[in-house]
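Subject: Structure handover and notes

Dear colleague,

I am passing on the structure we spoke about, together with notes on what was found in it. Please open it beside this message, as the notes refer to individual residues.

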Amino acid sequence: MKISSRFKVTFFCCLVTGLFLVLIGSSYSLVTDIQTGAIDAELVNVSLKLTGSTNVEISNNQVVSDLDGMREKQYTFELVNQEKHDVSYTLYLQNNEDVFQNCTTPCSFLEDTVIRYSLRHDDTILPTLNLDSSRIIDSGVIKAGETIPYSLTLWVSAEDDGTMFYGTITATGIVMGG
């Protein structure tokens, strides 16, 4: 049985058209995913703003009780959501790398495990905790256009060879429903 040349041409055209459509569909899907990811990342970078005292310190290693520690200097700051959508956020207390890198005297920094803190936001006092390796001090959801006022107090809870701690408060977030 011999296949006609007209059938071969039609079959070849259908095959090429089908492959072309698959290529276009795959390219569109890939480009759409890449563009969506870029937009989400851009929103995350500009959505949250910290104002106020975001640089904090402990300049002596005197051990104090929780009751006395909560009377130490309070650092006040605000978390501001500048987006039109709610944002799931995380606050961190990170080492202030500028101080660590530019220390000119013999510097002896406190271990994370002896740094204790109390964090308040709005009218809520969060449980008093020791700083841990994740450095997370709070997380939650902030509504579009909302501002959350915070107050942070730091003190030393146990003996340590270190004499100081310099930190900075940072925030990350993911736009929800955007």
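This is a predicted model: local features need pLDDT of at least 70, side-chain atom pairs count only at pLDDT 80 or more; totals for chains, interfaces and linings use all residues.

Residues are numbered from 1 along each chain as its sequence is written, and side-chain values use heavy atoms, with hydrogens and water left out.

Overall make-up

The chain holds 3 helices and 10 strands, where helices (H or I, at least four residues) and strands (E, at least two) are DSSP runs numbered from the N terminus. Read from the N terminus, the order of elements is α-β-β-α-β-β-α-β-β-β-β-β-β. Of the 178 residues, 29% count as buried; buried means under 20% relative accessible area, exposed over 50%, and partly exposed in between, with a 1.4 Å probe and protein chains only.

An open sheet is formed by 4 strands in the order 2-10-4-8, with antiparallel pairing; two strands pair if DSSP finds at least two bridges between them. Strand 2 and strand 8 (136–142) stand at the edges with a single partner strand each, so one side of each is left without a neighbour in the sheet. Neighbouring strands of this sheet are turned by 25° against each other on average, direction ignored, the axes being lines fitted to C-alpha atoms (for helices over the stretch in contact) and angles running from 0 to 180 degrees between N-to-C directions. Strand 4 (residues 87–95) pairs with strand 8 in the antiparallel sense over 6 bridges, and Leu91 has Asp138 in strand 8 as its bridge partner.

Salt bridges

The count comes to 3 salt bridges, a salt bridge being a side-chain nitrogen of Lys or Arg within 4 Å of a carboxyl oxygen of Asp or Glu.

- Asp66 and Arg116 meet through their side chains at 2.8 Å, N to O. This pair links distant parts of the chain, with Asp66 in helix 2 (residues 66–69) and Arg116 in strand 5 (residues 115–121), 50 residues apart. Asp66 is partly exposed at a relative accessible area of 31%, whereas Arg116 is buried at 17%.
- Arg71 and Asp68 form a salt bridge whose closest N and O atoms are 3.0 Å apart. Here Arg71 is exposed, with a relative accessible area of 59%, and Asp68 is partly exposed, with 38%.
- Asp112 and Arg135 form a salt bridge whose closest N and O atoms are 2.6 Å apart. This pair also links distant parts of the chain, 23 residues apart: Asp112 lies in the loop between helix 3 (97–101) and strand 5, and Arg135 in the loop between strand 7 (129–130) and strand 8. Arg135 counts as buried at 6% relative accessibility.

The largest pocket

About 220 Å³ of space lies in the largest pocket. On a 1 Å grid over the protein atoms alone, a pocket is an open set of points where a 1.4 Å probe fits, with protein on both sides within 12 Å along at least five of seven lines, and lining residues have an atom within 4 Å of a point. Grid points are joined across faces, edges and corners, and the volume is the space filled by probe spheres set on the points. The lining includes Glu57, Ile58, Lys73, Tyr75, Leu154, Trp155 and Val156. Strand 2 (55–58) and strand 9 (147–156) are the elements that give two or more residues to this lining, and the largest share, 3 residues, comes from strand 9.

Best regards
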